[in-house]
Amino acid sequence: MFDRIEGNARAAQLLATVFDFDLERAEHVEPVRPTWDGEFRPVAGDAAGGTFYACGGPVLYASSEGGAGVLAADPTSALQLVIGVPTWHDVVARAPDLDAMRAAFDSTIAELREYEPDLDRHQAEVSAELGLDRVPVEELLIRLRSSLTDLSPRFRLINDEGDEYDPL
């Protein structure tokens with residue numbers, strides 16, 4: 001799925017500028033290593049210094065402040081999340097309470113729309129460019145909660161000093 005972005009300049013541009021998923025920022029702020037065997041490849045970064053990693057299925061996010069967690073079970077779901085819930089950073093802090101996650105989304109998306117009035121059009125465009133189905137926000141929040149609570153404990157990161165990253 002991530003190779004579709006590399007081959008699509010418009011999708012890459014929208015993801016980087018509107019949805020803060022930038023393929024050119026795939027280097028993390030510090031060296032980290034996984035606690036599991038298997039794929040661990042940086043694929044994108046965000047303006048806050050965080051990094052998205054492909055983990056042989058799940059997609060993990062590591063913040064620049066030492067927090068990490070699985071955002072989605074697979075790359076397609078990760079991109080659907082980033083596009084459908086562009087304020088996911090604020091939503092994660094409310095997990096696992098689904099009502100609190102929804103409330104955080106509702107307040108932050110309203111604020112984002114003030115600065116990005118074409119958000120709906122951009123969501124539709126990048127989804128079409130990448131051949132992604134649009135998923136209702138409620139389903140995306142349920143998936144996110146599940147990834148954070150069910151998958152994240154198996155996918156932990158450690159820095160060079162041997163410190164484990166905190167859960168998101």
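The side chain of Arg156 makes a polar contact with the side chain of Glu164, at 2.8 Å; a polar contact here is a pair of N or O atoms within 3.5 Å, where within protein one must be able to donate a hydrogen and the other to accept it, and residues adjacent in sequence count only if both atoms are side-chain atoms. This comes from a predicted model, in which local features need pLDDT of at least 70, side-chain atom pairs count only at pLDDT 80 or more, and totals for chains, interfaces and linings use all residues. Residues are numbered from 1 along each chain as its sequence is written, and side-chain values use heavy atoms, with hydrogens and water left out.

Arg156 itself sits in the loop between helix 7 (137–151) and strand 6 (157–159). Helices (H or I, at least four residues) and strands (E, at least two) are DSSP runs, numbered from the N terminus. With a relative accessible area of 11%, Arg156 is buried; buried means under 20% relative accessible area, exposed over 50%, and partly exposed in between (1.4 Å probe, protein chains only).

Next come the strands. Strand 2 (residues 41–45) pairs with strand 3 in the antiparallel sense, over four bridges; two strands pair if DSSP finds at least two bridges between them. Arg41 has Ala54 of strand 3 as its bridge partner. Five residues lie between the strands in this hairpin, and there Gly49 takes a positive phi near 90°. Strand 3 also pairs with strand 4 (residues 59–62), again antiparallel and over four bridges. Here Ala54 stands opposite Val59, while Tyr53 has Leu60 as its bridge partner. The hairpin of strand 3 and strand 4 has four residues between the strands, with Gly56 at a positive phi near 70°.

Strand 4 then pairs with strand 5 in the antiparallel sense, over four bridges, and Tyr61 finds its bridge partner in Gly69 of strand 5. In the hairpin that links strand 4 and strand 5, with four residues between the strands, Gly66 takes a positive phi near 95°. Strand 5 covers residues 67–72 and includes Ala72, which is buried at a relative accessible area of 4%. The C-alpha atoms of Ala72 and Leu60 are 7.3 Å apart, though the two residues are twelve residues apart along the chain.

In a regular strand, side chains alternate between the two faces of the sheet. Strand 3 is covered on both faces: Thr51 and Tyr53 are buried on one side, Phe52 and Ala54 on the other. Strand 4 is covered on both faces too, with Val59 and Tyr61 buried on one side and Leu60 and Ala62 on the other.

As for the helices, helix 3 (residues 75–84) is mostly covered, with eight of its ten residues buried. Those buried residues are Ser77, Ala78, Leu79, Gln80, Leu81, Val82, Ile83 and Gly84. At the start of helix 3, a side-chain oxygen of Asp74 comes to within 3.1 Å of the backbone nitrogen of Thr76.

Rings of Phe, Tyr and Trp (its six-membered ring) pair if their centres lie within 6.5 Å; planes under 30 degrees apart count as stacked, over 60 as edge-to-face and the rest as tilted. By this rule there are eight aromatic pairs. One of them joins Trp36 and Phe40 edge-to-face, at 5.6 Å centre to centre and 85° between the planes. Trp36 is buried, with a relative accessible area of 13%. Phe52 and Trp88 also form an edge-to-face pair, at 6.0 Å centre to centre and 65° between the planes. Phe52 lies in strand 3 (residues 51–54) and Trp88 in helix 4 (residues 88–92), so this pair ties together parts 36 residues apart in sequence.
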